[in-house]
Amino acid sequence: PALPRCTVGCRSWSCEGSHKRFVPMLCPQAMLGSCAPEGFPTFNTKPGFVSSLASAGVNVFGMASRKETRVVAVPEATDLNGPPLAKDVQGLLGRQVWVGWPHHRRAVVARLSDEGGTVVPPRGGGPPQELPHSPTERLQFRKEWEYHRTLALLRQGLDLGPRCGVLVYVRWLLGAR
């Protein structure tokens, strides 16, 4: 049906000759690889990460992919004693870290948790406190780990592997540059 008070105009445009001047190159001061700004990693600057094509149902533009999608496998700890424990990485407490994939944000590590317990920063100085988990909390840790593992695979295409040592809880640094 006709639309009242609607006028349509058609104008042709040609880009003849302009495509000959286009030279694909980076901007003069672009930095890549190990020279890139902090928070923009590449596979060359983060060794050990492997990517492969997999049918994982990764969320692409709001829908689960039906075909194979590039999935990044996070390397597992190669320590013979198994995955790291929260007390092994307690030096992270209170430190600023980059969090998120593929767009990183700055955060401060607030606490660390593993299947055996949680490590929290000290109150008023001293060493970090280790709070052991009850059997119910151990089961809750496994459920939470599986939730985060599935979320990372479906939303970001990150395969965290079959086992986990530590969950890291952070506080976002708002307004930080």
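This briefing describes the fold, strand pairing, nonpolar core and salt bridges of the structure above.

The model is predicted, and the protein it shows comprises one helix and 10 strands. Read along the sequence, these elements follow the pattern β-β-β-β-β-β-β-β-α-β-β, and of the 177 residues 19% count as buried.

**Overall composition**

- Among contacts in the protein between residues at least 6 apart in sequence, 49% join residues that are at least 24 apart.
- The accessible surface of the protein comes to about 14,100 Å², and carbon and sulfur atoms account for 57% of that surface.

**The open sheet S1-S4-S9**

- Three strands form an open sheet in the order S1-S4-S9, and the pairing within this sheet is mixed.
- Strand S1 (50-54) and strand S9 (158-159) stand at the edges of the sheet with a single partner strand each, so one side of each is left without a neighbour in the sheet.
- S1 pairs with strand S4 (residues 69-73) in the antiparallel sense, over five bridges, and valine 50 has alanine 73 in S4 as its bridge partner.

**Strand S6 and its partners**

- Strand S6 (residues 105-113) pairs in the antiparallel sense with strand S5 (residues 96-99) over four bridges, and here glutamine 96 has valine 108 in S6 as its bridge partner.
- S6 and S7 form a hairpin, with three residues between the two strands.

**The nonpolar core**

- The largest nonpolar core consists of six residues in all, namely Ala86, Leu93, Val109, Leu112, Val119 and Val166.
- In soluble globular proteins, nonpolar side chains tend to be buried together.
- Once its neighbours within four places in sequence are left aside, alanine 86 is in contact with Leu112, Val119 and Val166, as well as with Ser113 and Asp114.

**Salt bridges**

- The count of salt bridges comes to two.
- One of these joins the side chains of glutamate 115 and arginine 142, with an N to O distance of 2.5 Å.
- Glutamate 115 lies in the loop between S6 and S7, whereas arginine 142 lies in helix H1 (residues 135-156), so this pair ties together parts that are 27 residues apart in sequence.
- Because glutamate 146 and arginine 149 are three residues apart in helix H1, they are separated by about one helical turn.
- Glutamate 146 counts as partly exposed at 36% relative accessibility, and arginine 149 likewise counts as partly exposed, at 25%.

Methods. Residues are numbered from 1 along each chain as its sequence is written. This is a predicted model: local features need pLDDT of at least 70, side-chain atom pairs count only at pLDDT 80 or more; totals for chains, interfaces and linings use all residues. Side-chain values use heavy atoms; hydrogens and water are left out. Buried means under 20% relative accessible area, exposed over 50%, partly exposed in between (1.4 Å probe, protein chains only). Contact means heavy atoms within 4.5 Å. Accessible areas come from the Shrake-Rupley method with a 1.4 Å probe; for residues, only the protein chains shown count as cover. Two strands pair if DSSP finds at least two bridges between them. A nonpolar core is a set of buried Ala, Val, Leu, Ile, Met, Phe, Trp, Tyr and Cys residues joined through side-chain atoms within 4.5 Å. A salt bridge is a side-chain nitrogen of Lys or Arg within 4 Å of a carboxyl oxygen of Asp or Glu.
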